[in-house]
Amino acid sequence: MFSKILIANRGEIALRIVRACEELGVPSVAVYSELDRDAPHVRRADEAYLLGPGPASESYLNVEKLLEVIERTGADAVHPGYGFLAENAAFAATLEQHGITFIGPSSSAIDAMGSKTKARELMAAAGVPIVPGTTEPVDSVEDARRIIAESIGFPVAVKAAGGGGGKGFRVALTQDELQDAFEGAAREGEKFFADATVYLERYLPDPRHVEVQILADKHGSVIYLGERDCSLQRRHQKLIEEAPAPAVEAIPGLRKKIGKIGTDAAAAVNYSGAGTIEGLLQDGEYFFLEMNTRVQVEHCVTEMVTGIDIVKEGIRVAAGEPLAYTQDDIVLRGHAIECRINAEDASKNFAPAPGKIGNYREPSGPGVRVDSGVGPGAEVSPMYDPMVAKLIVWDADREQATRRMIRALREYEIGDLKTLLPFHEAILQTPQWANAETCRDLIEDRAWLKQLAFAKAEKPADGEAPKVEQQYTVEVSGKRFEVKVIGAAATTGLQATSAPRAAPKRSERKASSSNGASGDTLTTPLQGTVFKVVVELGATVEEGTLICVIEAMKMENEITAHKSGIVTELPVTVGASVSVGDTLAVITAAS
Ligand code: MV4
């Protein structure tokens, strides 16, 4: 076993790794930025060292500084967690050269899976089913047009080769949309991964996102720990994950089949450590999308149904130990759900909502697990990922796990901060969730999301009956919901009162708004750089019309009109920096 492990990460995952180290009896070293001085992972580790100022490039991505701390502390292994340096093959190679163990796969396995075209080629050669499309980069729109005509057909997905997780992913439903999709994917690839290479896949109209958890040791053993369904996502950010996947449960023999696809994929790149095969499941058919060569945010739901500590097992195999389990040891029991608790305002199209946490109390009781990186008084910075905690529950089946999750969400108190707690509580009470649908229609439905604005974190005092001040019905996608507004606070008891429903709007791919506004003035809810201004002074706009795009943390945030009218002031210019509350436009009612 290692003598000391340095954890090159922050937040809940850093704390998760500290706990694993402690249970393994290995001292842990935390690192932190100036903004994270008082963070739980810093307090709980055996030692902690400052890396630098807040920006990740100067702290959590600062390889030189990390190497300094490694040398100084005598750590002989580095756990990268997820994000930051976790899938950086060059970093893994640098550690290999210094004789330090990177807790994860070899740099060559990271590299092989990092290029999505290379990965597709390798997987096809290994007999792993990939989504039909190209394994070679496509150099121009003309080439794309020819290849689509010859083999793939429309609709088509254009994806950035350096991508993953939906970055640089565009859809062209028809020939007319191809050029925009192609150029958009290439531009995003260039921006995020400094690689404008794109490839094509047949666009599957209604798949489930199903992923297989893999564990592999350095002696050639590879096993799978069942699968997770992560279909409930918004703009490719996963929001709720569960294990097992209902769609896999429904088809006898399917788990074994996708499990073999997963272990074949891992074996093809000589994988070791914990990893995940992401794929699409449609009509009982499973297709490889990409491999994440790290521990994932949602690994916890698999831990809950298998009883296996994936983080500890990953550390053990990195130290050269053989897997403690064979495939026959893996038994799935019950059902687990994870809700990502982000500092975001779902009623304002998931606008980032950083700030200082007031009162803070985590839920507990049977079957409840909280992996959090915050506590009372914590400052949630706009500089890092908005996910402040994960709430995970286990129960005997999906329905009971859902009830337990709703109970735990209600018990969770995060004062003074807008979080996704009300969003999760509402979504878990919909018939779509009960039917194990992807809920894409709801997540994109601004009217439905707006109702969440009434759902305050505030609750009636213990024993006090909630006072209903308003009760009304809203109709969304042909379905009626009862909304109760209770005093200053409210329940999020959105319950369907009728069943008919329009088909999910699968073609909705454009973002809607996230904005701050008061009166006629539209302000920016986030700090960033103006990337694009779409309207002109004097333009007539409807509520929801795209006004401008603000880039923050490499994400393009579309800001839309908060009301209908005429744009009478437009003080924004492309390239300008804006801070929270700055005026973007003034919209005056048309007379
Ligand atoms: C797709 C797809 C349809 N066809 N690829 C890529 C990244 C991940 N976030 C989801 N991705 C998708 N890739 C092809 N060829 C549809 C999605 C997709 C999706 C899939 C299942 C469940 C929910 C989804 C939400 C958005 C996009």
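Buried, in this talk, means under 20% relative accessible area, with exposed over 50% and partly exposed in between, using a 1.4 Å probe and protein chains only. Strands are DSSP E runs of at least two residues, numbered from the N terminus.

This is a predicted model: local features need pLDDT of at least 70, side-chain atom pairs count only at pLDDT 80 or more, and totals for chains, interfaces and linings use all residues. Residues are numbered from 1 along each chain as its sequence is written, and side-chain values use heavy atoms, without hydrogens or water.

Start with β2, residues 28-33. Here 6 of the 6 residues are buried, so the strand is largely enclosed by the rest of the structure. Ser-28, Ala-30 and Tyr-32 lie on one side, Val-29, Val-31 and Ser-33 on the other. In a regular strand, side chains alternate between the two faces of the sheet. What pairs with β2? Strand β1, residues 5-7, in the parallel sense over 3 bridges; pairing takes at least two DSSP bridges. Ile-7 stands opposite Ala-30.

Now the ligand. How many residues surround the ligand? There are 17, and the closest are Lys-159, Glu-201, Arg-202, Leu-204 and Gln-233. Surrounding means a heavy atom within 4 Å.

Next, ligand nitrogen distances. A backbone N or O atom of Arg-202 lies at 2.8 Å. For Leu-204, again a backbone N or O atom, the value is 2.9 Å. Gln-233 places a polar side-chain atom 2.7 Å away. The cut-off for a polar contact is a pair of N or O atoms within 3.5 Å. The protein covers 95% of the ligand's 530 Å² of accessible area on its own, by Shrake-Rupley with a 1.4 Å probe.

Note on methods
Polar contact = N/O pair within 3.5 Å; in protein donor to acceptor, adjacent residues only side chain to side chain. Helix = DSSP H or I, 4+ residues; strand = E, 2+ residues; numbered from the N terminus.
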